[in-house]
Amino acid sequence: MAAAQEAGSSSAGPSGLPGSAPGHGSNSPAVAVWEWQDEFGRWRPYRGNVCSYIEQVFQASQQKGRRSGSGLVSSIPLGHADPVLAPYVIDIPSLTQFRQDTGTMRAVRRHLFPGDSAAGQGIVWEWQNDEGGWSPYEMKVCVLLEEARAQNHQQVDLKSLGYNYIVDVVAQVQTNKNTSFRRSVQRRLDTPYPVTTSPAPLHTGVACSCQQCWLNSGTGPITTRYRHSMINVPNSSTAHQGRTASVSSSSIGFVPYNKPTLSGARSTPRLNAQSTWALPQAGGPSTGLSASNGVSAPALPVKMPKPSKVNQALAGWWRSLAASVTGLMTATPTEPEAVVKKYLEELKGSPADEDCIICMEKLSSPSGYADACECSTIKPETVGRLTSCQHSFHMLCMLAMYSNGNKDGSLQCPSCKTIYGEKTGTQPKGKMEVSTFPQSLPGHRDCGTIQIVYHISRGIQGPEHPNPGMPYTARGFPRYCYLPDNEKGRKVLELLRVAWKRRLIFTVGTSSTTGESNTVVWNEIHHKTEMDTNLSGHGYPDPNYLDNVLAELAAQGVTEDCLRQ
């Protein structure tokens with residue numbers, strides 16, 4: 001069971017709550033909190049230093065836009081604030097967090113709170129999850145709990161915020177009003193959230209389509225700047241379903257982690273050197289990922305240097321060892337240049353007004369990765385078009401993206417996510433067992449149940465993992481998962497078998513619940529790990545689950561066509 005399930009996500013708390021944003025005409029200082037939505041529909045605040053960076057770039061963009069009449073900055077790479085978050089980019093016009101190595105989209109929102117609230121003081125309230133780690137409440141809850149504590153109120157009913165819990169702020173216990181299940185809570189002091197200035201009074205009522213409502217509620221109009229289609233753009237009206245939406249936008253900056261700073265690059269906002277916020281420098285020492293952050297992100301390299309002969313030798317040794325032990329890596333990876341040339345056809349003329357969404361430079365200009373990815377057979381100005389989806393990029397940018405990934409011989413279009421070749425992952429060796437039994441799952445009373453058991457043991461990371469040569473842990477194994485034993489459930493099972501064979505079910509990274517790094521984690525294909533309760537989002541009934549997991553499998557290139565091969 002999870003501690004909280006979001007039932008509503010309006011931009012301000014209910015009337016009278018301390019978490020309500022300053023209303024029209026208010027001159028009180030406010031702090032900005034940026035939050036992202038997890039797969040269960042819960043909103044999780046970014047840490048204070050990350051919010052400071054996001055807000056600084058956002059405010060600088062607004063000021064520049066008011067002076068020049070130009071639009072908002074397109075994207076904000078979070079790796080500039082915390083190297084551990086290097087895979088993540090926030091696309092401002094769609095209010096979407098984009099994970100570059102998996103293509104996962106998360107809704108993002110921005111709230112303003114009074115400067116003397118919990119947010120302004122850097123106070124975060126957290127609940128203890130099933131793994132023993134700590135997960136933060138959304139900031140509206142943190143503000144309400146801190147206000148109650150300041151006023152010596154012992155118990156707080158979270159019903160007004162859409163939660164079915166009572167929190168005892170003195171005993172630091174959360175109680176489920178339906179089941180009486182209790183969890184520990186804690187109050188933690190973190191970096192205060194950034195003070196901001198709002199260019200116009202904020203609404204406190206029902207959100208409309210103006211820019212202020214759009215930026216503060218996570219909803220609003222979709223701009224016309226997208227050249228490609230957009231599907232299921234995340235917004236607060238669908239957030240409670242807890243599903244990850246999909247966005248296809250040619251303006252999202254798909255940066256293969258930390259793109260080197262380019263002179264005049266449109267994708268890298270110029271920040272005020274006199275900023276009062278101390279931000280971690282990209283390429284500096286990693287601070288690690290706190291459990292309160294909640295983002296599942298492997299500790300990936302921030303730079304993309306040319307591999308040394310020693311590294312190449314070590315990588316070759318690890319591949320040989322992995323092949324001899326697991327039999328999963330018997331073929332050497334395809335040469336990056338050959339893969340890029342296989343799936344992209346070179347264009348003779350470059351579109352003058354179109355951007356490369358990997359480096360965010362014009363296609364008529366050289367690739368932004370010319371100084372970071374050298375290649376004797378592909379020139380920086382060479383532009384290629386993917387043969388199936390027809391999206392165009394600098395071929396050197398595609399080479400950089402491929403070289404920084406799994407190098408499995410496949411490419412994925414960063415615009416529409418079309419997969420070329422057979423995508424494989426970095427799942428450690430293990431075993432997948434399947435059995436059936438007659439007991440029915442809630443919502444599927446007309447059939448029995450399929451049980452899947454995954455076995456993975458701890459081991460040593462290979463060259464495809466974040467930290468080759470270091471140990472990785474495997475918590476919570478064996479893991480038991482359930483499907484209805486009907487036609488669609490059996491179809492999902494067969495596709496999961498393919499995904500397992502391709503090493504796509506799990507990966508080695510950082511746990512989103514415990515914050516532990518170098519551990520085995522789920523890899524964007526959701527499983528039901530409970531049978532008869534769905535209070536946590538991990539069980540049944542869930543009428544949309546089978547369709548959702550089929551879509552997630554398809555996003556990894558695992559479709560019905562795989563079953564015909």
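Modeller: Let us begin with the cut-offs for exposure, since several answers rest on them: a residue is buried under 20% relative accessible area, exposed over 50%, and partly exposed in between. Please keep in mind that this is a predicted model.

Biologist: What makes Asp355 buried?

Modeller: Asp355 has a relative accessible area of 18%, and the label buried applies under 20%, so Asp355 counts as buried.

Biologist: How do you know that Asp355 and Lys362 form a salt bridge?

Modeller: Their side chains meet with a nitrogen-to-oxygen distance of 3.5 Å, and since the criterion asks for a side-chain nitrogen of Lys or Arg within 4 Å of a carboxyl oxygen of Asp or Glu, the pair qualifies as a salt bridge. In general, side chains of opposite charge can pair when their charged atoms come close.

Biologist: Why is the contact of Arg109 with Glu35 called a salt bridge, and which parts of the chain does the pair link?

Modeller: The distance from N to O is 2.9 Å, which is to be set against the limit of 4 Å, so the pair of Arg109 and Glu35 is a salt bridge. The pair links distant parts of the chain, with Arg109 in strand 6 (residues 105-114) and Glu35 in strand 1 (residues 30-37), 74 residues apart.

Biologist: What makes Asp542 and Lys528 a salt bridge?

Modeller: The closest N and O atoms of Asp542 and Lys528 are 2.8 Å apart, and as the limit is 4 Å, the term salt bridge applies. Both residues lie in the loop between strand 25 (519-522) and helix 9 (545-555), 14 residues apart, and both Asp542 and Lys528 are buried. Elsewhere, salt bridges that share partners join Arg47, Glu126, Arg188 and Asp190 into one network.

Biologist: How many salt bridges does the structure hold, and how much of the chain is buried?

Modeller: The structure holds 21 salt bridges, and 53% of the 565 residues count as buried.

Methods:
Residues are numbered from 1 along each chain as its sequence is written. This is a predicted model: local features need pLDDT of at least 70, side-chain atom pairs count only at pLDDT 80 or more; totals for chains, interfaces and linings use all residues. Side-chain values use heavy atoms; hydrogens and water are left out. Helices (H or I, at least four residues) and strands (E, at least two) are DSSP runs, numbered from the N terminus. Buried means under 20% relative accessible area, exposed over 50%, partly exposed in between (1.4 Å probe, protein chains only).
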